[in-house]
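Please read the following note with the structure open beside it, and check each point against the chains as you go.

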Amino acid sequence: MRWLKSVYTYRVSEMAKVLRKAMASRFRGLKVIIADAECQLERQRRVRPQVAAALNAGKRVVRTRFGVDEDVCTGDHSCIRLSGCPSLTIKASSDPLKVDPVAHVDNDCVGCGLCGEVAHAAVLCPSFYRADVVQNPNLWDRLIAGLRRTVIGWMQPA
Amino acid sequence: MKSVNPMALPERPITLLIAALGGEGGGVLADWIVAAATAQDYPVQSTSIPGVAQRTGATTYYIEIYQAKTSGLGGRRPVMTLTPAPGLVDVMVASELLEAGRAMQNGYVTERTTLVASTHRVYTVAEKMQMGDGRFDGEVVLKAGRELAKRAILFDMQVKANAAGTVISAVMFGALAGSGTLPLSREDCEASIRSGGKGAEASLKGFAAGFDAAAGGKADMTPEEGRRLRGSPAERLRPIFPEETHAILREGVARCADFQGREYANVYLDRIEPIANLDRAADGYKLTIETGRFLALWMCYEDVIRVADLKTRRSRFERVREEVRAKPHEPVRVTEFLKPGLDELAAVLPRWLARPLKGLAAMTGLANKLNVGMHVKTTSVSGFLMMRFLAWLRPLRPLTARWHEEQALIGRWLAAIAGAAKRDAGLALEIALCGRLIKGYGETHKRGKGNFLRILDSLVEGGAVADPQARAEAIRKARAAALADPEGRKLEQSLESHGVAPLPPMPKPVRFMRRKPDDRKAA
């Protein structure tokens with residue numbers, strides 16, 4: 001195989017770039033792109049028991065999930081038009097001024113990050129965030145977190 | 001003698017009752033109105049009954065104007081009354097709040113009446129002579145006025161008169177003219193003031209202030225008004241605005257104060273006040289509520305400064321922890337997905353820098369290509385500092401290009417609402433609701449604003465549909481169409497049905513992947 005590229009499936013902008021490159025390439029002949037990532041639902045089925053066991057054993061596990069800042073979201077739902085994720089849904093805005101519902105990531109989120117990637121690739125909005133929750137944090141985690149919290153706390157408005 | 005078709009003539013004259021205290025120029029006001037009506041050749045009659053305002057009642061002036069030119073009546077003359085009759089007053093003008101209340105008590109303010117009254121108080125003897133605090137609760141009067149009248153135009157005319165260096169009667173005349181209830185134009189009224197001679201300049205200034213406040217023109221605050229009103233916006237909210245609107249307006253005030261400070265919250269109230277004056281109790285103050293809602297959201301638009309600010313607050317950190325269900329001892333690291341581009345940069349630059357930059361970008365075709373993807377860790381010290389630095393730019397926001405752009409468009413929108421409110425409440429509400437189209441970021445925002453401007457240009461400011469009710473319906477449909485598809489085709493179809501030439505459909509880029517001919521040899 002002379003033209004072969006492997007891309008991490010969930011990096012949307014990377015993927016788009018490689019597809020474009022494949023189309024415009026000077027190379028003539030078969031071009032292969034390997035979308036290299038596991039189905040996140042499949043992965044969950046595999047990983048969930050392992051994570052549960054690790055947590056029970058008191059081991060450090062980082063859980064990732066995505067979210068939308070509801071005060072930054074303006075409720076135009078472009079992200080949902082582009083992403084078909086079942087966890088990316090809407091909820092009534094808790095802001096009494098906003099009439100339209102805002103985007104919301106529910107707790108079924110498996111942290112694949114596709115929603116954020118899509119919003120990023122399409123330059124939609126800055127409402128998405130990724131949260132890494134350190135479960136069973138070790139001493140170092142706690143030390144760093146405490147330090148950050150303190151320093152940030154000096155400059156942070158309510 | 002010309003023959004006159006009696007069916008074409010108005011059945012009754014426009015009736016106007018003015019209540020003023022001594023020295024407030026009520027007589028001068030009556031004279032101005034009579035002179036203006038006479039200059040237009042309208043039959044007019046004026047009487048007055050002296051009163052003892054501080055004790056039993058104001059001096060009142062009663063005027064009837066018959067809205068048909070004398071020259072066209074062919075020698076016939078309308079029969080007019082000398083005294084006002086309860087239930088038959090079209091416009092009630094009161095120079096002071098309690099006098100407005102007295103007029104209501106006497107039955108002069110009914111569903112046919114436009115009430116034009118100043119909200120300031122001159123305490124009566126009965127109030128002042130009490131051993132304790134005998135002051136009357138003015139809110140009762142405000143509430144009653146809004147409920148009883150067809151329309152209530154209520155604002156502090158005294159402070160505007162002081163600011164203009166004139167007497168309250170000039171501001172009352174302005175508010176009366178601005179209310180649109182008289183068959184007299186602004187120019188007619190101003191000419192009548194000028195012909196009065198003495199102190200005309202100051203009177204005209206007061207007239208303009210009253211006219212703008214009532215007509216919903218620009219809400220420019222004089223420094224003196226500013227000082228007087230610069231208390232807390234929340235306090236200001238209480239006496240002036242109807243209770244039904246408080247929930248939304250309080251939110252709006254808080255949002256604007258949070259966005260750019262207390263001064264900005266006052267600007268918010270300055271902007272909404274003329275709209276509230278044009279609103280009616282019968283509609284549940286829906287116009288004020290909806291305008292207040294979208295005005296607050298629009299005034300607090302989401303630029304990078306705002307986003308950075310929102311994302312670095314303690315409350316937000318806590319909300320994220322809660323949302324991702326982190327236990328108290330578990331550290332949470334938060335990463336933001338930001339991709340600012342040229343537009344976002346230009347938005348926070350001063351205008352003189354932003355304009356050439358945008359022009360250059362458009363020329364070179366780089367406008368949408370320079371977005372920098374950033375993953376910022378807000379929970380780390382460096383990431384937090386970077387975001388916080390952006391948020392600290394807040395005081396400089398009024399210098400930015402985006403600020404100027406948004407404030408100008410907000411002004412256009414409010415002027416359209418106020419203009420419509422005088423003719424048709426339904427139409428005004430539909431225009432106000434168009435504020436909903438302004439949302440999103442980047443391209444989404446541009447598209448929403450484009451749709452908004454399209455409706456504003458064609459249906460609101462343009463004359464595509466003349467009849468106010470049909471126009472309101474057209475705007476409602478266009479708004480729904482604008483929200484129906486992202487490409488804006490439905491909107492164009494909707495506009496086309498009213499004879500607005502549709503814009504060509506938005507081009508969708510088709511990318512041709514072409515190989516150079518010499519590549520064939522290489523393959």
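1. In this predicted model, strand β7 (residues 332–338) of chain B is joined to β8(B) by four bridges, and the two strands run antiparallel. Within β8(B), Met374(B) is the bridge partner of Leu338(B). Strands here are DSSP runs of E with at least two residues, helices are runs of H or I with at least four, and both are numbered from the N terminus; two strands pair if DSSP finds at least two bridges between them.

2. The pair β7(B) and β8(B) belongs to an open sheet of four strands, whose order is β3(A)-β6(A)-β7(B)-β8(B) and whose pairing is antiparallel. At the edges stand β3 (61–68) of chain A and β8 (374–377) of chain B, each with a single partner strand, so one side of each is left without a neighbour in the sheet. Direction ignored, neighbouring strands of this sheet are turned by 25° against each other on average.

3. Chain B also holds an open sheet of six strands, in the order β2-β3-β1-β4-β5-β6, with mixed pairing. Its edges are β2 (44–49) and β6 (151–155) of chain B, and each of these has a single partner strand, so one side of each is left without a neighbour in the sheet. From one strand to the next, the twist averages 10°.

4. Inside this six-stranded sheet, strand β1 (residues 14–20) of chain B runs parallel to strand β4 (residues 91–94) of chain B, and four bridges join them. Opposite Ala19(B) stands Ala94(B) in β4(B). Helix α1 (residues 26–39) of chain B packs on the sheet, where it touches β1, β2 and β3 (59–65) of chain B, and its direction makes about 5° with that of β3(B). Helix α6 (residues 168–178) of chain B lies across β1, β4, β5 (114–118) and β6 of chain B, and runs at about 155° to β4(B). Such angles run from 0 to 180 degrees between N-to-C directions, with axes fitted as lines to C-alpha atoms, for helices over the stretch in contact.

5. Which helix of chain B does α5(A) approach, and at what angle do the axes cross? The axes of helix α5 (residues 139–155) of chain A and helix α18 (residues 381–391) of chain B come within 10 Å and cross at roughly 15°. The two helices are therefore roughly parallel to each other, a term for angles under 35 degrees, while those over 145 count as roughly antiparallel, 65 to 115 as roughly perpendicular and the rest as oblique. The contact (heavy atoms within 4.5 Å) is made by Arg148(A), Val151(A), Ile152(A) and Met155(A) of α5(A), together with Val381(B), Phe384(B), Leu385(B) and Arg388(B) of α18(B).

6. Within chain B, the axes of helix α21 (residues 442–460) and helix α22 (residues 468–484) come within 11 Å and cross at roughly 160°, which makes α21(B) roughly antiparallel to α22(B). On the α21(B) side, Asn451(B), Ile455(B), Leu459(B) and Val460(B) take part, and among the residues that they meet in α22(B) are Arg471(B), Ala474(B) and Ile475(B).

7. For chain B as a whole, there are 24 helices and eight strands. Of its 523 residues, 52% count as buried, that is, under 20% relative accessible area, with exposed meaning over 50% and partly exposed in between (1.4 Å probe, protein chains only).

8. On conventions, residues are numbered from 1 along each chain as its sequence is written, and chains are lettered from A and ligands numbered from 1 in the order in which they are written. Local features need pLDDT of at least 70 and side-chain atom pairs count only at pLDDT 80 or more, whereas totals for chains, interfaces and linings use all residues, and side-chain values use heavy atoms, with hydrogens and water left out.
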